[in-house]
Amino acid sequence: MLLHDSAVDRVRALSWADLRRIKSDPAQLIVLTVLPIGMMAFLTPANKAQLRFFGGFPNASGIEQAGPGTIVMFAFFITTLLGASFFREHEWGTWDRLRAAPVRAGEIILGKSMPSVLFSAVHLGILWLVAFTLWDLHSKGSTWLLLPISASLMVATWGFGIALVSLCRTIDQLSIMAQVGSLAIGGLAGTITPRSTLPGWAQALSPFTPQYWALKGYQDVILRGAGFSDIITPCLILIGVGVVGGLIALFRFRLSHSKVGRS
């Protein structure tokens with residue numbers, strides 16, 4: 001499978017192999033898409049009251065918080081999909097065969113990352129489409145500005161995921177840390193309820209989370225009509241998170257490391 005002439009060919013072969021596996025069992029992808037849509041429906045009425053009475057947006061419908069908040073939270077759940085693509089090889093006993101193939105560690109990282117990055121793009125697109133059509137989300141700023149924020153968010157989630165793959169020894173460790181990062185840290189950042197309704201200590205800590213900056217970028221555009229110059233800082237911070245994750249993987253990821261792929 002990996003006896004190809006160029007690094008591009010080898011990366012493409014690894015990506016296609018994982019894409020075929022995902023296609024044969026799409027349940028996880030379906031859940032990660034349907035669940036946030038249901039969560040938007042659940043949170044929108046409560047977020048409407050919170051935005052109107054505590055956020056200073058008297059005309060808010062609630063989807064301005066429920067939409068981007070849910071999208072940012074579930075974007076980080078993609079890290080479980082990325083982790084599974086690596087740990088599955090150890091569970092099936094095929095990692096040694098992959099190590100023996102003429103492929104470099106960087107090519108394995110890229111090849112096995114591409115399917116999750118592709119799904120992340122599709123996932124974000126579907127959820128934004130639902131928010132704008134099903135819940136009639138209106139944005140004060142240009143909706144095109146959501147694209148660079150989303151691209152930066154994808155970089156951050158990839159960096160977070162590949163760092164976990166490099167640092168965690170078992171799939172259970174990765175799953176727990178990914179869930180904590182998505183739920184607990186996401187909640188701290190204001191993805192579930194507006195940041196203005198959080199306790200003071202949580203508001204003080206939230207800027208130290210990547211979810212806060214993604215949500216800030218989205219809501220600055222949607223609620224405040226921000227322009228391109230206003231989203232540069234959130235985008236750069238999210239990209240920085242991805243770069244740091246990539247550097248962790250560069251120094252920590254080793255083909256010789258053993259992983260436990262099942263509970």
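Trainee: Where is Ser 15 found?

Mentor: Ser 15 sits in helix 1, residues 7-24. A helix here is a DSSP run of H or I with at least four residues, a strand is a run of E with at least two, and the numbering starts at the N terminus. Some ground rules: this is a predicted model, in which local features need pLDDT of at least 70, side-chain atom pairs count only at pLDDT 80 or more, and totals for chains, interfaces and linings use all residues. Residues are numbered from 1 along each chain as its sequence is written, and side-chain values use heavy atoms, with hydrogens and water left out.

Trainee: Why does Ser 15 count as buried?

Mentor: Buried means under 20% relative accessible area, exposed means over 50%, and partly exposed is in between (1.4 Å probe, protein chains only). Ser 15 has 9% relative accessibility, so it counts as buried. Leaving out residues up to four places away in sequence, Ser 15 touches Leu 110, Gly 111, Met 114 and Pro 115, where contact means heavy atoms within 4.5 Å.

Trainee: Zooming out, how many helices and strands does the chain have?

Mentor: Eleven helices and zero strands. Read from the N terminus, the elements go α-α-α-α-α-α-α-α-α-α-α.

Trainee: What makes the chain as compact as a globular protein of that length?

Mentor: Its radius of gyration is 19 Å, close to the 18 Å from the globule rule for 263 residues, so the chain is as compact as a globular protein of that length. That radius is taken over C-alpha atoms, and the rule is 2.2 Å times the number of residues to the power 0.38. Along the principal axes, the C-alpha atoms fill a box of roughly 60 × 35 × 35 Å. Buried residues come to 51% of the 263. Among contacts with a separation of 6 or more, 78% are between residues 24 or more positions apart.

Trainee: Which residues touch the most other members of the largest nonpolar core?

Mentor: Trp 128, Leu 153, Tyr 218 and Val 221, out of 27 residues in that core. Two or more residues each come from helix 2 (27-53), helix 3 (63-75), helix 6 (105-133), helix 7 (146-167), helix 10 (210-224) and helix 11 (228-252). To be called a nonpolar core, a set must consist of buried Ala, Val, Leu, Ile, Met, Phe, Trp, Tyr and Cys residues joined through side-chain atoms within 4.5 Å. A second, separate core has 20 residues, including Phe 86, Phe 87, Cys 168 and Ala 249.

Trainee: What does Tyr 218 touch, not counting residues up to four places away in sequence?

Mentor: Pro 68, Val 72, Trp 128, Leu 146, Ile 149, Ser 150 and Leu 153.

Trainee: Ala 75 next: buried or exposed?

Mentor: Ala 75 has a relative accessible area of 1%, so it is buried. This residue of helix 3 touches Leu 124, Leu 153 and Thr 157, again not counting residues up to four places away. Ala 75 and Ala 156 are 81 residues apart in sequence, yet 9.6 Å apart C-alpha to C-alpha.

Trainee: And how do you know which label Ile 222 gets, buried or exposed?

Mentor: With a relative accessible area of 2%, Ile 222 is therefore buried. Ile 222 lies in helix 10, and its contacts beyond four places in sequence include Glu 64, Pro 68, Trp 128 and Leu 146.

Trainee: Why is Ile 248 called partly exposed?

Mentor: Ile 248 has 28% relative accessibility, so it counts as partly exposed. Ile 248 is in helix 11 and touches Ala 163, Ser 166, Leu 167 and Phe 253, not counting residues up to four places away.

Trainee: What about the loops: where does Gly 55 have its place?

Mentor: Gly 55 is in the loop between helix 2 and helix 3. Its relative accessible area is 29%, so Gly 55 is partly exposed.

Trainee: What is the phi of Asp 136 near?

Mentor: Near 55 degrees, a positive value in a residue other than glycine. Asp 136 lies in the loop between helix 6 and helix 7, and its relative accessible area is 45%, so Asp 136 is partly exposed.
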